[in-house]
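Grab a pencil and work through these exercises with the model open beside you. Try each task yourself before you read the solution.

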Amino acid sequence: MEHQWSKAYKPKRKLYVLRSRESEGFDDFCQENGYDWYKCFSNIYRPLANRALFYMPEKMMDAGYSRLCGGVEIGYSDMEVVPQNCVSITVPGFDVVDIKGFDISLIEDIPRLMTMAYSYAKLYIETEKLHIVSNHKLPYICYMESADSLCVEIPVWSKKTKTEEMLTLDNMSKRDLYEIAYREPATGHYNWTWLKEKLEQCEYIGLDQFIFARFDIKGFRLINNVMGREVAKDLFRYICDAMTKQDWILYSAKCESDDFAMIIKYMPEDEIMNRLYTFFEEIGQLPSNRKYKIFYSCGIVFYDEFEKLSMSMRIEDMAQMAHLQCIKTNVNEIKIYTSEMKKEYIMAQQYKLELPDAIENEDLMVYLQPKYNPQNDTLTGAEALIRWFYKGGDILLPKYFVPQFETDGTIDIIDRYVLRQVCKKFKEWKELGYPLYPISCNLSRHQISRPDLIYILCDIVDEYGVDHSLIDFEITESADFADVQYLIKVLKDLKAEGFKISMDDFGTGYSSMALLKDMPLDIIKIDKSFIDGIATGEPNNKDMLMTQDILAMSRHLGIRSLAEGVETFEQKEYLREWGCHYIQGYYYSKPIPITGYEYLLKKIMLGQS
């Protein structure tokens, strides 16, 4: 496998790590700490990168612990709570060399991997006049680059590194110190420290009204991992240059990762929305490849004297709350902060704290929405949906807690809980002699990124002796999968284990025909937005034509079709005539408790339907 390398500066930061006793490989580490060990980091608000394996210096480890740890990196100034059973380690800023292309099998022998990475790093630094920092002083870091490839990050130093410059302050001018303190290294633009001071100064310089905006790049990980850091840096510089040229942007900063922030002149809502959408459209392509579209997520806060009196939290946190409302993939999004967002955020955090008890007490309830064959109106299966019987009171619908859980990855816990409950019922129904039909369960994009996903899913299903063909895993077309080829590999692995695969919300995302051809799908679920346009009194409208085209395409590809959100007899009849295989919606049944679905199975067993 060909190895590639690149160099970048990483500022001072903190590592939150979960330690091990004797582990030297990934499987050893997982057996000691559990295959869902990374869940202890799910409450980390803004990690600098994905979870990784750290090969720690011996002097940083307490006696009795292995040098291999798992964890995340966060900004040095971030005030995150250290997760339970983890420790916080501060790492100084250094240049690092990223070496890509190590075979995935080496993840089971980390000491050997680090020795190989060190050898390759020496080849690189011979031409760059750098020095490798011994792994007895700073950690080496291992990331999964793709499904079959690893990347190792090794710290290096030279006379040009910021760290060494800061160690020789006597030789530096005030201008040099200013640049280090207030400039972002990759772009030379002002950093968050500088902009934060401007925020604090606003009321003292007569700026009583302004708009604060925080935005980032959608799908940035794909750009950084696939096209490389130099392309990413060019994009950062391109954005910073564009911000500088706008006279309505008073101050701007390049923050951590792909984050940017701005203080903007106060103006009416419609005017700022128009300006921002125009601005994002103007910077909506890579400088090196104008055909590659870029989209942005942005949260904004209006600040004036009245708002100041009612503010009980930092303006940057308010902008972040608004930013979290941006959930679409291939469009620019701008959300304005409202006080209602704060209430929703606080409730979401409360739900998150209460989730473990809800699972233990089985307050999370699985509902099933039946699926039918429209040709003969017979039951063909169901979709598993979640409801929360909250504190013995109201039933919470998913829209009140799932979006926040999707943002921070907690949704994985719910997905696996639902799968386990479904498998429990399959085991009961088999023993009772009920007919068994496939049930679809959600498979979030966070779960798909797990290297041990197949093992986890098979372990749950096999624990109850359930035939794999009875489990239909649903992925959402509009979900943002950074590595599509890895996604395809995971789906093929699931198919090889005998599971069914469905694509939910088809038509709402951005899948190309080539991608659809490569995905091992069993079922395409046509989104309700198309079904709503059927039988509206307007014959052959666009929704009807597109639905027919989707059904024809699925037939040509040998993929079965399901229409969701069918509510009327007329809609059902059109879909039946067009050859739709399955229908799900209120025309046949709303989501019902498991006992209601069991009643349907019992009637079929007794020949009453």
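**Exercise 1. Find the volume of the second largest pocket, and say what lines it.**

Step 1. The second largest pocket has a volume of about 430 Å³. Here a pocket is an open set of points on a 1 Å grid over the protein atoms alone, with protein on both sides within 12 Å along at least five of seven lines, and lining residues have an atom within 4 Å of a point. Grid points are joined across faces, edges and corners, and a volume is the space filled by probe spheres set on the points.

Step 2. Now for the lining: 18 residues line this pocket, and the closest to its centre are Lys 39, Cys 40, Ser 42, Asn 43 and Pro 356.

Step 3. Look for the element that gives the most to this lining, and you land on helix 11 (residues 339–360), with five residues. Helices (H or I, at least four residues) and strands (E, at least two) are DSSP runs, numbered from the N terminus.

Step 4. Sort the pocket lining by class and you get nine nonpolar, six polar and three charged residues. Ala, Val, Leu, Ile, Met, Phe, Trp, Tyr, Cys and Pro count as nonpolar, Asp, Glu, Lys and Arg as charged, and the others, Gly among them, as polar.

A quick word on the model: it is predicted, with local features needing pLDDT of at least 70 and side-chain atom pairs counting only at pLDDT 80 or more, while totals for chains, interfaces and linings use all residues. Residues are numbered from 1 along each chain as its sequence is written, and side-chain values use heavy atoms, with hydrogens and water left out.

**Exercise 2. Work out how helix 15 and helix 16 pack.**

Step 1. The axes of helix 15 (residues 453–463) and helix 16 (residues 484–496) come within 10 Å and cross at roughly 30°. Axes are lines fitted to C-alpha atoms, for helices over the stretch in contact, and angles run from 0 to 180 degrees between N-to-C directions.

Step 2. So helix 15 is roughly parallel to helix 16, a label for angles under 35 degrees.

Step 3. The crossing of these two helices is right-handed, meaning that the near helix is turned clockwise from the far one by less than a right angle.

Step 4. Leu 453, Ile 454 and Leu 457 in helix 15 meet Val 490, Asp 493 and Leu 494 in helix 16, where contact means heavy atoms within 4.5 Å. That gives five nonpolar, no polar and one charged residues.

**Exercise 3. Describe the second largest cavity.**

Step 1. A cavity is a set of grid points where a 1.4 Å probe fits but cannot get out.

Step 2. By class, the cavity lining has eight nonpolar, no polar and two charged residues.

Note on methods
Parallel < 35°, antiparallel > 145°, perpendicular 65-115°, else oblique.
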